[in-house]
Protein chains: 2
Amino acid sequence: MSLHAFFAPRSVAVIGASTVPGKSGHIIVENLVNLGFPGAVYPINPKADRILGIRTYPSLDECPAVPEIVVIAVPRDAVPESMAQAGRRGVRYAVIATAGFADTGDDVGLDLDRRVHETAASFGMRYMGPNSIGTIDTTTRFITSIVRNHTPPAGPVSLFGQTGLFASGITRWLAQSEPFGVAKIACLGNKSDIGEIDALGFLADDARTGVIGCYLEGASDGREFFRVLCRAASAKPVIILKGGTSSLGSIATASHTGTLAGDAAVFRGVLRQAGAIPAEDWEDLFTLLTGFAHGPLPAGNRAGVISITGAGCVLAADAAERHGLVVPDLSPSTIDRIREFSPSWAPLRNPLDIWSTIERLGVEEAYHRVAPVVAADPNIDMLIVATTLFDGTIFDCSSLIDKIRDVAPHKPVATVLIGGGPDENRAWTIAAHRSGAATFHSLPRAIRALAAMRDAALRNERSR
Amino acid sequence: MSLHAFFAPRSVAVIGASTVPGKSGHIIVENLVNLGFPGAVYPINPKADRILGIRTYPSLDECPAVPEIVVIAVPRDAVPESMAQAGRRGVRYAVIATAGFADTGDDVGLDLDRRVHETAASFGMRYMGPNSIGTIDTTTRFITSIVRNHTPPAGPVSLFGQTGLFASGITRWLAQSEPFGVAKIACLGNKSDIGEIDALGFLADDARTGVIGCYLEGASDGREFFRVLCRAASAKPVIILKGGTSSLGSIATASHTGTLAGDAAVFRGVLRQAGAIPAEDWEDLFTLLTGFAHGPLPAGNRAGVISITGAGCVLAADAAERHGLVVPDLSPSTIDRIREFSPSWAPLRNPLDIWSTIERLGVEEAYHRVAPVVAADPNIDMLIVATTLFDGTIFDCSSLIDKIRDVAPHKPVATVLIGGGPDENRAWTIAAHRSGAATFHSLPRAIRALAAMRDAALRNERSR
């Protein structure tokens, strides 16, 4: 099914809109205002005239128009009736933020879940949730999150899964640190109706989505999931973190959203077979997303590495070998060019320790002179620029990245930061991101991402 | 040998002290001033009267007293003569900051190295370097770093290795983010004289050092290294990251500091046999240091986990199974106590998803009510408190940690942050650290550290 209405509706009603700051029903309206959603917003509250300056209606029936979608944030017992009101008014889509349904496992919750499902079916409605933290679209500026969010930067990555993390803490991180830009976020919640098959199929066709990231505990229909996954993965990179790989994890999964998780090993095999990329854990998911968000995919497996420290060179070579990348010799003309401005005694090889050049030229000048030359080397398919943040090494990297990309537009560029404080890490990451380079905080992570990108390129070549 | 003079000298001369801000010879003096080193500082510069207000001497001979140690930051050709001057004046110890010796591999560098070594031997001098970024001691406030540094927080962790990262970017990170506190840092550089055997032996006996972290590319005398490592590891946790595990990494190692690395697998076996803890990579080294810095070691392998999200519960259970920890049932009395202030339908089990309690009590109150009860549960040997940082979940965690530690002083406590911005991550990390809890930014990392701490506890029990 199309999830168009969940990301780009013309109008939205918020059932359970609240005048009380901090309440879910207030935050939903607040986010729509703050993100600048240009469509019509109808807060529904029987006792309020205005919420955040927006004309508020006592019921859906009194709205001047039929909203394309409703967001429901009333107590759980009132959710079935809210759905029925929406259905009677002709609304086709709903996000149910309220929790306390199949996620509880109790009889009351399960019964409410059944009533919501029946109501929706009787009106031909489709809904996300219950227990959905919400959706975000950085292009249409539509948001249904019940968590007050900074606006994440726009970009190619779309995220979905039953967890609410994507539209809460992760959005905040994305907004403040900008490791990559975001197209759409969908927190599916209990998946009582719309599930990962719908989300994946929709994002596979979504022109704004270049990379898909997913946290998954299980799939309700394995055969159909596989079919949709194959289609999605042939269109764009799909990175999936499977939760519930342990026996206890599987029990926790069953309780958390009322689905049953399949056997972990089977699941990972299915992912690879479909052409998707399994992530090891949460950090690995974001490592991979950061890499793939800053394509292009490398045309070969040969990495050029520039580091400010000898240890960085050693650890990069170690990690490259572990992940199947090669750190080849630089071509003689590259070495000749770097020699021109480096001390005669400096060993010039890949991985390249540029400390001695830095002592001669200063940090920024040394990177500006060396990195484009290495990037342009025909022996190199991708470039890793590692540095250590301390007083005297911190500079605005955006013109450096621009220069590298000018001479090697078809090679991925990753920067790696070691040490330094949070603010300087953030500033570098944002500058690199906006100029088209991924930033990692460890060499093995950068190499892990680039190696996965090389695998994806090989898969693409084979399937052509 | 004792490295006492490298961390706690009464007086220091800086040969090559510079009036030019940003030069190594200026930064060394600046750091001594900024860190508040209380001993005598003698900048040596033939052309300056004062540097940063400190009386400067044209040569070592004109110093009013013999300094206990000299720091040498002159061009490489002048280093042998500086060493000879120091030797003639009766100085016994030197840190040589200048690079361009065995690290270059060129004949000039190797010849200079030989001359420095012979000069030192003829005067009975011991020296760190060449190519040493320096030492830091947070107790004596002595610092020889050639990188302008913030002051790292004082604490139990001592770091050493040939890399300069420890006294540059890492110090800056430690100072600004405070994942743990530091006792001593030594960047050994080329190890032409003082090597890892000296550093490890000294730190093994150092009362201020509770945990040792080391980056190592190779050992010059394997037998002696093993002997000292056994002694150190029986006294305190010793965590070692071995660089140069790949073939290319080994070549890079050979070039970087002129030593030869042993076979990686042999090396790791040696580490384990000696009772040391091998780290997988740079991030893993700091993950382990963060855990061990916030003992106590757990008395068993049973982890209590509290999370704000269902996904956190699932991923924690997965990681625990991978790393050999158990996530046991909570005792009935614990569940009864938590039930008192939680919704009747909320599933209460370990890992514990406290979102429904948060909805009732607010985040801070929910954690304050739940976490001490779980920590005190006799079924639990360690506690992991996971949260997600977004608007409405951010609070000062120090009183929470204090409360947990009051009821369970013998159990390690780890907090885990997912999402959020850099500043709020920093603020939480510092607050938790000061109250005695480690902070990680992923559940698998927290569990990795706690599992390693449990292994260390078992080893200690067996060796008793």
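Two residues are taken to be in contact if their C-beta atoms, placed from the backbone, lie within 7 Å. On this basis, the predicted model shows helix α14 of chain A meeting helix α15 of chain A through Tyr367(A), His368(A), Ala371(A), Pro372(A), Ala375(A) and Ala376(A) on the side of α14(A), and through Leu400(A), Lys403(A), Ile404(A) and Val407(A) on the side of α15(A). Sorted by class, the residues of this contact comprise eight nonpolar, one polar and one charged. The two helices, α14(A) spanning residues 363–376 and α15(A) spanning residues 398–407, pack with their axes 8 Å apart and at an angle of about 25°. Because angles under 35 degrees count as roughly parallel, α14(A) is described as roughly parallel to α15(A). The crossing in which α14(A) passes α15(A) is right-handed.

Between the chains, the contact draws on 66 residues from chain A and 65 residues from chain B. On the side of chain A that touches chain B, two or more residues are given by each of the helices α4 (107–123), α5 (169–177), α8 (247–257), α10 (282–293), α11 (310–323) and α16 (422–434) of chain A. The residues of that side of chain A divide into 30 polar, 24 nonpolar and twelve charged.

The largest nonpolar core contains 323 residues, and those with the most contacts inside it are Ala94, Ala316 and Leu383 of chain A together with Ala94, Ala316 and Leu383 of chain B. When residues up to four places away in sequence are not counted, Ala316(B) touches Val305(B), Ser307(B), Pro351(B), Ile384(B), Ala386(B), Leu443(B) and Ile447(B).

Conventions:
Residues are numbered from 1 along each chain as its sequence is written. Chains are lettered from A and ligands numbered from 1 in the order in which they are written. This is a predicted model: local features need pLDDT of at least 70, side-chain atom pairs count only at pLDDT 80 or more; totals for chains, interfaces and linings use all residues. Helices (H or I, at least four residues) and strands (E, at least two) are DSSP runs, numbered from the N terminus. Ala, Val, Leu, Ile, Met, Phe, Trp, Tyr, Cys and Pro count as nonpolar, Asp, Glu, Lys and Arg as charged, and the others, Gly among them, as polar. Axes are lines fitted to C-alpha atoms, for helices over the stretch in contact, and angles run from 0 to 180 degrees between N-to-C directions. Angles under 35 degrees count as roughly parallel, over 145 as roughly antiparallel, 65 to 115 as roughly perpendicular and the rest as oblique. A crossing is left-handed if the near helix is turned anticlockwise from the far one by less than a right angle, and right-handed if clockwise. A nonpolar core is a set of buried Ala, Val, Leu, Ile, Met, Phe, Trp, Tyr and Cys residues joined through C-beta atoms within 7 Å. A residue is buried if 20 or more other C-beta atoms lie within 10 Å of its own, exposed if 12 or fewer, and partly exposed in between; C-beta atoms are placed from the backbone.
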